[in-house]
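The tour below goes from one selection to the next and says what is found at each stop.

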Amino acid sequence: MSKLKKGVVYLLFAIPVVTQLYPLLWLLLYSLKTNEEILSGSFFSLPKSPMWQNYQQAYQLGSYPKYLANSVLVTGATMICVILLSSMVAYAISRFRWKYGGLVMTVFLMGMMIPMQATLLPLMVIFKNMGILNTHLSLILPYIAFSTPISVFILSGFMKSIPHEIEESAYIDGASIYRIFRSVILPVSVPPMMTVCILTFITIWNEYILAATFISSERLKTLPFGVYTFVSQYSVNYGNIGAFLVMGALPVILIYFFLSGQITKGMVAGAVKG
Amino acid sequence: MKVLKVPARTIAVFVLPCLLLYVCLVFVPILVSFYSGLLKWDGITTAKFVGLANFGDMFWNDPVFWPSVRRTLLYALASMLEIPLCLGMAILLHRYLKRGNTLASIYFTPVILSVVIIGQLWKTIYNPTSMGGMLNGLLISLGLDNWTHNWLTEPKIAMYSIYFVSLWQYFGYHLLIQFTGVSNIPEELYEAAKIDGADGLKADRYITLPLIIPIFKISIVLAFIGSLQAFDMVMVMTAGGPAHATDVISTHMYNSSFLSLKYGYGSALATFLVILCLTFTVAINFVFNKLEKKYS
Amino acid sequence: MVNRKVKKSAALLLTVLMALSLAACGGNGGGKENAAAENTGSNNGAAKSGDSEKKVTITFQNIYPDPTTPSHKMINELVKEYETANPNIKIELDTLNTDQQKIKLKTQAASKEIPDITIVNPAAQMKPFVDAGLLAPLNDMLDQNGLKDTYQSGLLDYYSFDGNVYALPDGNNIEVVYYNKEIFEQNGIKDTPKTFDEFLDVVKTLKAKGITPLAIGEKDSWTGSFLFMNIVLRTNGGPGFLQDVMDGKKTFEDPAFVEAVDAFQELVQAGAFPDGATSIDATAGGNIFKSGQAAMWVIGSWETGAIDASSVAGKVGAFQFPTVNGKGDPNEFMLAPGSAFAVSANSEHLQETKDFLNFFTLNLPKKQFELKNAVGLGQKVDGDLKAAGYSDLAIQIAELFNNVKGGDLAFDNTMNPATAQVHLSSIQNLFVQKVDSAQVAKEHQTAFEANKE
C-alpha cells in the first residue's frame, strides 16, 4: 500500500477525533472563562487566567451534592433492575422453547417507537393512583420501563449466540434453570451488559422532563433537573453555567471512559453469523 | 434453535416481572394516549368525545402538520444516509488500525453528553455574527463573508442546521455499531478470500457487505426511529421556531398539547407518529429480510 | 439453596409488580389502598391523623429559581419566618423555571393533583383551571387581617370568576421602553421619541452606528407579542381591541390591526432587533440590554430591579411607548397583572395553606420593599422609595404608574391558548420574513374562528 494512501486514511481518522472531541474541550475551556472571553466567539482560545472560581460559585449556587446523590441513587437502582429484568426476559426469549417468544420480543421492540412525551400525562395519573408521586420510585419505574426495549434487544441478540453445549452440560448435571441462568448465562453475558449499562446510564443521567414533572420536593430532585434549571435561569455568568455543566457531565464521562473498552464488545454481539 | 423446554410457570417467572412493568408503564399510557386522540380535551376541564375529528383537522386543516411530517421524514432520511458512511469508516478502522475500538469510542463521545451541553455548544457556533457566532467568525476570517448566515433563524436554513448537529452527534453511535459488526466477522473468511485472489474492496463486496446486513439493518432502524422521535435537540435549538419553520412531529405534538392546550389533538399527533414509526419499521425489516435472503 | 433464594425473590418482585400494575391498570379502584399501604413512609401519609399539633407539609410550587434575584430571596425568607413561627408547618418549595412550571401544572391538572399552592397567570390563562374546579376560592381568606385592602383596586378582578377570587398576584406591571441614556447621548439623540416616526428615526440612527436598537429574546415568542400588542393599543385609539373581537364587534381584519402589523414590520425592516432574534431566549435577550449592547428594551416594568442590579445600572431611563400615526394615548399601557398564587381546591390542608398564604401575601410587599424590588407591586406599600434608597429609574417608573389611564392585557391573557399560539407564531414569523399584513390579519381571524368555544 502506498504511503500516500495510508496518509489519506490516517487523516480521515484524525478529522473526526477533532470534531468529536471538540465539545469536551470547548466545555472545559468555556467553564474557565470570563463572560467577555466567552462572548468573543472563537473556536480555540485559551482563557487568560483560568477562572477556577466559576466552579466554586456554581457549586455553591447549584446544590450540587444533593442533586448528585439523588441522581446516583436513581440511576443506580434503575440500572440494576434493568440489567436483571431484561436479561431474564432476554434469556427466556432467546433460549426457551415457547409459543409466545416472538410476540413478546415484538411487543418490547415496539416500545422503542413510543415517544416518551406522549406518555407523560397518563403516567401522572397512574402514579397518582399508585401514590408514588414525588418519590424516587416515580422516576425509577418509568426509567426501567423505557430502558428495557433496547436492553432486551441487545441482550437477547447476544444470548442467542451462546453455544448450547454450555447449558446442556449444566442441565445434565442436574442444575435447575434458575441456577443455569445465574451461574452460567449471567457471567458470560457481561459484555453486552456493559453496553446496556452505558446506554442506559447515558439516557437516564441526562433525562429531565420526567424528573421535573414527577418530583416536587427539593431534596429529591436529580442532577439533570438542576443543570437544566441552572442553565435556563441563571444566565448572568456564563462561566458558572459551564462549570455546572462540567460537574453534571463528569460522572457520565468517567463511567464512559472506564467502560468504553467494553462497549464495543457487547454492542451487537451475536448479530453477525460469520 | 431453542433447547430448553421449561414449564410455563418458569417462563412466567422470567418474563412477567419485566413485561408487566413495561406494559403498564409504556403500553397502557400510550393506549390511553391513543384514546385521548379521539377527544376534544384541553387536558384540564371535561373532555368531549369527537371520534376521528382530530385526525380530520390534522390531515386537512392544520397548516403546520404536513410540513412537519416532511421535515421529520427528511430528518430520518438524512440520518439513514449517514450510515453507509459510518460503515465505510468502520471498515477502514478495522483494516488499518490494530486498536480501532479506541478511536471508535472516541468518536462516540458526543452521544454521552446531554442535549443541554450540545445545544449550548451549537448555539454558540451558530450564533449570528453580532453575538460572536463561531461559524460565521470562521467564514469571515476565511474571507467568505457572503457565506455567513443566521443559521438558526433563517427559515430555509434552520432545519438543516439542526439535521447537521444530529448527524454529527450520532456519527459515532452508528460507527460504533458498524465497527463491532465488522470486527465480529471471522478473520479466516478474509484469508480464504485472499487465497482466491479477492482482496480489499473486492473482499468487502463479497464478504463484509453480505455479513454486515443484519447490523446495517439495526443501525438503519435505530436511526430511523431516533430521528422520527427527535425532540430534545429541536426544543433546545429553536423550539420549533421561527414560526414553525423547524417544527417536527414530536415538537408539534408537545406544543399542541401543552401550549395550545389541545391535548386531544396532541395525542392524535402522537398516534400518527407511532403508526408512522411502525409502518416504516415493518417496511425496513421487509426490505432487509429480502436482502439477507438474496445474499445468504 | 441459591436457587430457592432466587425463586423467592423473583416471586416477591412479581407480587410487588402485580400490585403496582393493578393499581396502574385498574384506575382508582382497589389499587389506591394497596399503594397507600406501601407508601406510609412518604410525607403525604405522615399527616393523616392527629390533632391540632399534627405536622403539616404544604407544597408551594413557585417560579423564582434564580438565587441572585430579590424574588428568590423574598420567598425563602418569608417561608423561613413562617416555619419558625409555626413549627408544625413545613413549606416544601418546588422551585421551577417558568416553562417547566407551566408544563408541570398542566400535567398535574390532568390528574387533578395540583400542589397546595401553585402559580397561575391572570384571566384567560387561568380560566380552564377554574372551570375544572381545581382552584379554591380565596374570598374568606382575603377578609382575614385586611389582606383584601392591600391590593390595588380592580387588580383582583383579573383573578376573579363569578364573584370569587381564585388567585393573588405577585405584582402588577406595565410595559415601558427602557433606554440606555449613555448610548442615546453618545449618538446625539437628544430626546426620547414621542411618536412612532421619531421612534423609527432613533432606531435607524442607532442601526447606522452599528448599535442594536432594541433588545429582545424572541425564541420565547411572548416577548414580540407584548411589543406588538402595544402598537395595537395605539392604532386602535385605545384599549379593548381583543375584547371587541371576542364580542364579535370587530374582526382581526380591522384596519387598526393591519396598521399595527405594518408598523411592526417597519420596525423589523429598519433593523430594530438583534440578528437571529428568534433563537435568543427571553433571559438572554434581556442580557443584551443589561450588558449595554442594546440601546432600548420594550418590556414589563418587572425588570426594573434586575436592571438596577446589572452593569448598566444608573444609566437607564424609561419612557412611554410612543403614539402610532397620531393615534393612541401614551398614558395607556399594556397591563401585566402578575403571576398569581392559587390554592388547590383538593388540598389536604386547605385551612393551613390559606393561613400560610395569608401571611405570605400580607408580608410580601414589605419584604419586596426591603429587597429593593417594590416597583410593580400589586399591593400598596408604605414607604418612600427615595428615602429607602431606590434608584432614579425606579422612581421614574413609579411616576409612570401614577399616570396610568388604562390599557390592555397581553394577548395570551385575553384569548384562549390555541388562538394565542397561532398569534405568537404569526408574530414570530414577522421577525424572519416580510409578510403581507392582510395575510397576517386573516391568519389571526381564521385561528380565532376555528378555536372559538
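How many residues of chain B are in contact with residues of chain C? Select these two chains in what is a predicted model, and you will find that 33 residues of chain B are in contact with 33 residues of chain C. Staying on chain B, highlight α1 (8-36) and α12 (249-258), each of which supplies at least two residues of the side that touches chain C. The largest share of that side, 7 residues, comes from α1(B). If you colour this side of chain B by class, it shows 18 nonpolar, 12 polar and 3 charged residues.

Next, select chain A together with chain B, whose contact takes 71 residues from chain A and 77 residues from chain B. On the side of chain A that touches chain B, the largest share, 12 residues, is contributed by helix α1 (residues 3-30) of chain A. By class, this side of chain A divides into 52 nonpolar, 15 polar and 4 charged residues.

Finally, hide the other chains and select helix α4 (residues 64-95) and helix α10 (residues 190-205) of chain A, which pack at an angle of about 140° with their axes 10 Å apart. The two helices, α4(A) and α10(A), are therefore oblique to each other, and α4(A) passes α10(A) in a right-handed crossing. To see where they meet, show the side chains of α4(A), including A:Ser71, A:Met79 and A:Ser87, and those of α10(A), including A:Met193, A:Cys197 and A:Trp205. By class, this contact of α4(A) with α10(A) has 9 nonpolar, 5 polar and no charged residues.

Methods: Residues numbered from 1 in each chain as written. Chains lettered and ligands numbered in written order. Predicted model: local features only at pLDDT ≥ 70, side-chain atom pairs only at ≥ 80, totals over all residues. Axes fitted to C-alpha atoms, helices over the stretch in contact; angles between N-to-C directions. Helix = DSSP H or I, 4+ residues; strand = E, 2+ residues; numbered from the N terminus. Parallel < 35°, antiparallel > 145°, perpendicular 65-115°, else oblique. Left-handed = near helix turned anticlockwise from the far one by under 90°. Contact = placed C-beta atoms within 7 Å. Nonpolar A, V, L, I, M, F, W, Y, C, P; charged D, E, K, R; others polar.
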